[in-house]
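Welcome to this structure! Here is a short note to read beside the model, written for someone opening it for the first time.

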Amino acid sequence: MEQNNKPRRRKFSYNNEEVAVVRPAENQATPGNVLRASMPSQQEGVLEQDPYETKGFVTDVFDQVATAQRTREENKDMPNENELDREEKRPRKSNRDQGDKRKPKTGLIILLVVLTVLIVVGAVAAIFVSGEMGNKRKVDVGEVVIELPENGTGSTDEVAQILYNSGVIRYPFLFKVYSRVTGADGTYQLGSHTMRGDMSYAEIVEELQKTTIKPLETVTMTFPEGWTSLKMAIALEEKGLCTVEEFIDACNNDTFEVSFFSEITDNDLKFIKLEGFLYPDTYEFEVGITVHDIILKMLQNFETKVLTDDIKAALADSKYTLEEIVILASIVEKESFGGEEKNVSSVFNNRLQPDSPVGYLESDTTWNFIYYVLDYYYEGKENVPEGMRDAYNSYYTEGLIVGAICNPGVAMIDASLNPNDTPYYFFVTDVNKKYYWGRTADEHDANCDEAERVNREAERNGTAA
């Protein structure tokens, strides 16, 4: 028969609690043969006595139960064995894990400090930038005119540098940022702009966007009818537009794109080739204009004012070339006043006829040109090129002289083409600008005597005009 080695259980009651006593099996050893006891709850019973139990065993049981009771009361607030087992099975965090738990707190503090610094710096920067872009800048330049050059790019980089160089702004980079953000790039107008040091960036941009039509610096000059080319040259030199030598050289050697240029003859005895064709008028010349363009402007004006359809038709019906009419008109210009130009023209036209009793024009104005123009320019008659003085001497040269002696107006050109029909070959005037006309040399001598008498009387009376 198989031996039963299971422990035997007996029950008894102690202190109103049922106690189960387990005795080890006969062949089962326990450490120190200690009796194990457990306390079932909420059940009362009677201790069953085992015939094999002795009195000493029972006493040991009661002692162990009392001890267990005391231990349980002492440790009632302590976790029981199952709780301890569960606690030991629960995963524990290492020191490194605990350190990691502390790190986020430190990082958060650092982050908050950094954010605070950035906010403060940003606020200071915002105040600074706002003040710089506004009108609170301490730029003491007063009012200054800046120039965006026409040969420049007009780029924001260029504009910012010009503003900086002029002292209007202190930080080109800030202006470039402002220009980009506000969409002002590419809108700046070339030319002159007036700035002030207290202007905001918005005001500066607004000024730079204004279309500036820079008024051209010009010189206005009036050349009266009858002025010689030399007198015009002197006036131009006084205004700083060119020198006398530059003007005369261009008149004699340049080629000009005007319709009548080929009708002007070349002659070494001419003082100024274009004399007579530089139309007298009021002109506005730009500063910096070339001498060539000055002359061209005057020739173009001659083409417009003189070569009208009527004058071109009259010229075609006459026996004269354009240059011959201009030469004649220059003499008529110098000899005429008081609306007598057509009568004066009739005298010279009559003398130029083939059957004229007088073969020379014999105008004192040509002598004046020789004395006051040629001799003056060449600083003495001995320095005047050989033959030039005679070529302009109407008492020496038959017919028309070599060239015009001044620049006549259109009225004198018209009078030269359309003279009055008179029988006169002579005239003389007194100091009161009265004309005396004569058909013959004798009449002319008598008229000269009368004119001299009037002049002497006016001189005595102080009534000369």
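Predicted model: local features only at pLDDT ≥ 70, side-chain atom pairs only at ≥ 80, totals over all residues.

1. A word on the source before anything else.

2. Let's begin with the largest pocket. Its volume is about 420 Å³, and 20 residues line it.

3. Which elements supply the lining of the largest pocket? At least two residues each come from helix H11 (322-335), helix H12 (341-351), helix H13 (364-377) and strand E8 (426-429). Strand E8 gives the most, with four residues. Sorted by class, the lining holds nine nonpolar, five polar and six charged residues.

4. The axes of H11 and H15 come within 8 Å and cross at roughly 110 degrees. Angles of 65 to 115 degrees count as roughly perpendicular, and therefore H11 and H15 are roughly perpendicular to each other. The crossing of H11 past H15 is right-handed.

5. Who touches whom in that pair? On the H11 side, the contact is made by Ile-325, Leu-328, Ala-329, Val-332 and Glu-333; on the H15 side, by Met-412, Ile-413, Ser-416 and Leu-417. The contact of H11 with H15 counts seven nonpolar residues, one polar and one charged.

6. Next, move to helix H5 (residues 172-181) and helix H6 (residues 201-208). Their axes come within 11 Å and cross at roughly 70 degrees, which means that H5 is roughly perpendicular to H6. H5 passes H6 in a right-handed crossing. From H5, the residues Leu-174, Phe-175 and Tyr-178 meet Tyr-201, Ala-202, Ile-204, Val-205 and Leu-208 of H6. By class, this contact has eight nonpolar residues, with no polar and no charged ones.

7. Helix H5 has another partner, helix H4 (residues 156-165). The axes of H4 and H5 come within 9 Å, crossing at roughly 140 degrees. Angles over 145 degrees would count as roughly antiparallel; H4 and H5 are therefore oblique to each other. Here too the crossing, H4 past H5, is right-handed.

8. Finally, the residues behind that pairing. Thr-156, Asp-157, Val-159, Ala-160, Leu-163 and Tyr-164 of H4 meet Pro-172, Phe-175, Lys-176 and Ser-179 of H5. The contact of H4 with H5 comprises six nonpolar, two polar and two charged residues. Do pick out Phe-175 as you go: this H5 residue takes part in the contact with H4 and also in the contact with H6.

Methods
Residues numbered from 1 in each chain as written. Heavy atoms only, no water. 1 Å grid on protein atoms, 1.4 Å probe; cavity = no way out; pocket = protein on both sides within 12 Å on 5 of 7 lines; lining within 4 Å. Points joined across faces, edges and corners; volume = space filled by probe spheres on them. Nonpolar A, V, L, I, M, F, W, Y, C, P; charged D, E, K, R; others polar. Axes fitted to C-alpha atoms, helices over the stretch in contact; angles between N-to-C directions. Parallel < 35°, antiparallel > 145°, perpendicular 65-115°, else oblique. Left-handed = near helix turned anticlockwise from the far one by under 90°. Contact = heavy atoms within 4.5 Å.
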